[in-house]
Amino acid sequence: MIVVPGPSSLELGEKVAQRLGVLAVGVEHKVFPDGEDYLRLMGPVKHEDVAIIQTTSPPADSHLMQLLLLARTTKDFGAHKVVAVVPYLAYARQDKRFLEGEALSIDIIIRFIEAAGIDSLITFEIHAEDILKRFRIPAQSLSAVSVIAGAVKSQGYSGALSLSPDEGRISMAMAGADILGGGYDALDKTRDRHTGEVRIVEKNLPVQGRDVVVFDDVISTGGTLALAVGLAKKCGARRIGVACTHPLLLGKAVERILGAGAQVILGTDSVPGPYGTVSLAPLIAEALQKSDW
Ligand code: R5P
């Protein structure tokens, strides 16, 4: 196997190659004055199984285009099989037509991925498991909870209640509770499809004097997590940590979450940046060593 670290996941790709003890083929990348991407593979891939590591965190469209260009080029130069490791799969949150006339974005992205010659896909904490069934190639979503819960535990949160901000993420809170050991709970969240505004139903959480860790797949604007943290604080929580797989943390998300009362925000290198401190490399290397992709 050969690893190709894409421009959006250079460090992560290098770490995966090191863990696997395989060659990392470099990519020359530049952006033309008109904004178009230029990519060139800097080594041979003929007859090889190739793992392209390329997240599609913002700028999502550019990172997606780089993934497609890389995959097709890798196939053009004779790669045997291409597995795309896309830790954060953009557009997955538009998996339904919530309003009449909306684009079913993720389905369109899936067709592009398949057309680029990608033979299988590995992602993390996909927004809805059902999306995986819409691929005509093998596609799997891994969970990062083991590494993010382990990291938050090492910051003193052993015994904390694991909290999910909505029913959709309850499996993350359950898996977090297996590691933190303080049980789990879930909140009831709704989002206004026109304004994007999030609401959380008030609930009496049994957290007086206890620590809480809120788990989520994605933190985007921080609206969801700020409300969940605020509620935990109102219910008397001692310290509140926030752990997510994809720390997009757009705009004032960090200020909102810390301002609501969180002490710690922790995410993975699915989204490179100051809060993507927990590496997915061990989980990706382990998945690539298995033969089921
Ligand atoms: C939604 O279902 C997701 O699990 C996240 O809770 C959501 O995407 C976070 O978005 P924001 O940070 O903008 O509230």
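1. His246 counts as buried because its relative accessibility is 1% (buried is under 20% relative accessible area, with a 1.4 Å probe and protein chains only). The residue belongs to strand β13, residues 240–247 (strands are DSSP runs of E with at least two residues, helices runs of H or I with at least four, numbered from the N terminus). The C-alpha atom of His246 is 8.5 Å from that of Glu125, and the two residues are 121 apart along the chain.

2. The model is predicted, so local features need pLDDT of at least 70 and side-chain atom pairs 80 or more, while totals for chains, interfaces and linings use all residues. Residues are numbered from 1 along each chain as its sequence is written, and side-chain values use heavy atoms, without hydrogens and water.

3. The ligand is surrounded by 15 residues (a heavy atom within 4 Å). Arg93, Asp216, Asp217, Thr221 and Thr224 are the closest.

4. β12 (212–219), β10 (189–191) and α6 (223–234) each supply at least two shell residues; β12 gives the most, with four.

5. Polar contacts are pairs of N or O atoms within 3.5 Å. Oxygen atoms of the ligand lie 2.6 Å from a side-chain N or O atom of Asp217, 2.6 Å from a polar side-chain atom of Thr221 and 3.1 Å from one of Lys189. Of the 380 Å² of accessible area that the ligand has on its own, the protein covers 93% (Shrake-Rupley method, 1.4 Å probe).

Conventions
Polar contact = N/O pair within 3.5 Å; in protein donor to acceptor, adjacent residues only side chain to side chain. Buried < 20%, exposed > 50% of the residue type's maximum accessible area, 1.4 Å probe, protein only.
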